[in-house]
Amino acid sequence: MFKNPLGLVWFGTRRPAMAAGCRQIMKPRRAFILALNAACTLARVSTRPAVLSRAGSLIAMTRDPGARERGKFVVLGGGSFGCAMALLLARKGHRVDLLVRKPQVCDQINEQRRNPLHLSEFEFPALVRATTDPAEAFADAQYMCHAVPVQFSRAALTEVKPHIAPDMPILSLSKGIEQGSLSLMCDLLGNIVGDEHPMAFLSGPAFAREIAAELATAVVIASHTPGLAAEFGAILSSDVFRCYYTPDVIGVEVGGAVKNVIAIAAGMCEGLGLGTNAMAALVTRGCSEVRARLLGRRRARSCPPRAARRRSHAPP
């Protein structure tokens, strides 16, 4: 076991290269973007061992194979993250119905066990079935994972709403802010599906391809219901996938959206050949700017006030 620069403990793995250090499994740009994502969305999440504190705040969640019988999941959306989540759940022994839009994609997944458009190098287990019929997908399902991009979520949720059971737990995997309404996913789900549904929101430094490849990943599950977050955490957690909990739903959702601006700029730094120093400065100051904007705090000055400078340079 070893720690990355953010203090997150990477758990045991069967891949020897990981034990040698982060630099053997990450390229510099990806390491910076992972650090940025984690700083924005995991800053308030403790990394202590899995406990339920006396105040009822779940800190970290580990797998519990006997906690619940294997259930059926509906994954709404056949993009990269939807496919990665379907792979993760099926490898844990859960049945998954992947609800997709295009009939040709559905046929390819069911016949060739691969999505021709996303993560096509990974083969789906037999527990994964694709369908274009919401009624068929939601039949006897216990859980729903929403993996449709935010800008298309309103239409997708409206279409499947009649098929969602009133008490079905929903895990949102989508990051972003809807254009026009400026709604977060918690707003869209509450307004369209209904606030009576138990909801949780997964975010964090997670690339779909690396989840599918079973590389070490840590995410955060935000929910106003600690028990629901613990349930999803127990279902998803494995030797290479760790879940942490926070009650700060708004913070996780906004952080997951605004960090993309800085992540894109970090890619530009690499493309322009500006060097690691420039990229590190961008990420550091970017995180500070995000905190200042979102929390309403005064931004740190780039240099001391004039009076302080005069005092510091005054002759003895």
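How many bridges join strand 4 to strand 5, and in which sense do the two strands run? Exercise 1 starts there.

This is a predicted model, where local features need pLDDT of at least 70, side-chain atom pairs count only at pLDDT 80 or more, and totals for chains, interfaces and linings use all residues. Residues are numbered from 1 along each chain as its sequence is written, and side-chain values use heavy atoms, with hydrogens and water left out.

**Exercise 1. Strands 4, 5 and 6**

Task: Find the partners of strand 5 and state how it is covered.

Solution. 
- Step 1. Helices (H or I, at least four residues) and strands (E, at least two) are DSSP runs, numbered from the N terminus. Two strands pair if DSSP finds at least two bridges between them.
- Step 2. Take strand 4. Five bridges join it to strand 5, and the two run parallel. Leucine 76 has leucine 99 in strand 5 as its bridge partner.
- Step 3. Follow the chain. Strand 4, helix 3 and strand 5 form a right-handed β-α-β unit. Right-handed means that, with the strands pointing away from the viewer, the path from the first strand over the helix to the second runs clockwise.
- Step 4. Take strand 6. Four bridges join strand 5 to strand 6, again in parallel. The bridge partner of valine 96 is valine 128 in strand 6.
- Step 5. Check the cover. Buried means under 20% relative accessible area, exposed over 50%, and partly exposed in between (1.4 Å probe, protein chains only). Strand 5 (residues 95-99) has four of its five residues buried, so the rest of the structure largely encloses it.

**Exercise 2. Strand 9**

Task: Work out which way the side chains of strand 9 point and which strands pair with strand 9.

Solution. 
- Step 1. Recall the rule. In a regular strand the side chains alternate between the two faces of the sheet.
- Step 2. Apply it. Met199, Phe201 and Ser203 point one way from strand 9, and Ala200 and Leu202 point the other way. All are buried.
- Step 3. Find one partner. Strand 8 (residues 170-172) pairs with strand 9 in the parallel sense over three bridges. Isoleucine 170 stands opposite methionine 199. Between these strands the chain passes through helix 7 (residues 185-192), and this β-α-β crossover is right-handed.
- Step 4. Find another. Strand 10 (residues 217-222) runs antiparallel to strand 9, joined by three bridges. Here phenylalanine 201 stands opposite alanine 222.

**Exercise 3. An aromatic pair**

Task: Classify the pair of phenylalanine 73 and tyrosine 143.

Solution. 
- Step 1. Set the limits. Rings of Phe, Tyr and Trp (its six-membered ring) pair if their centres lie within 6.5 Å; planes under 30 degrees apart count as stacked, over 60 as edge-to-face and the rest as tilted.
- Step 2. Apply them. The structure holds two aromatic pairs. Phenylalanine 73 and tyrosine 143 are stacked, at 4.5 Å centre to centre and 15 degrees between the planes.
- Step 3. Phenylalanine 73 is in strand 4 and tyrosine 143 in strand 7 (residues 143-146), 70 residues apart.
- Step 4. Check the cover. Phenylalanine 73 is buried at 0% relative accessibility, and tyrosine 143 is buried at 1%.
- Step 5. Extend. Phe73, Tyr143 and Phe232 form one aromatic cluster.
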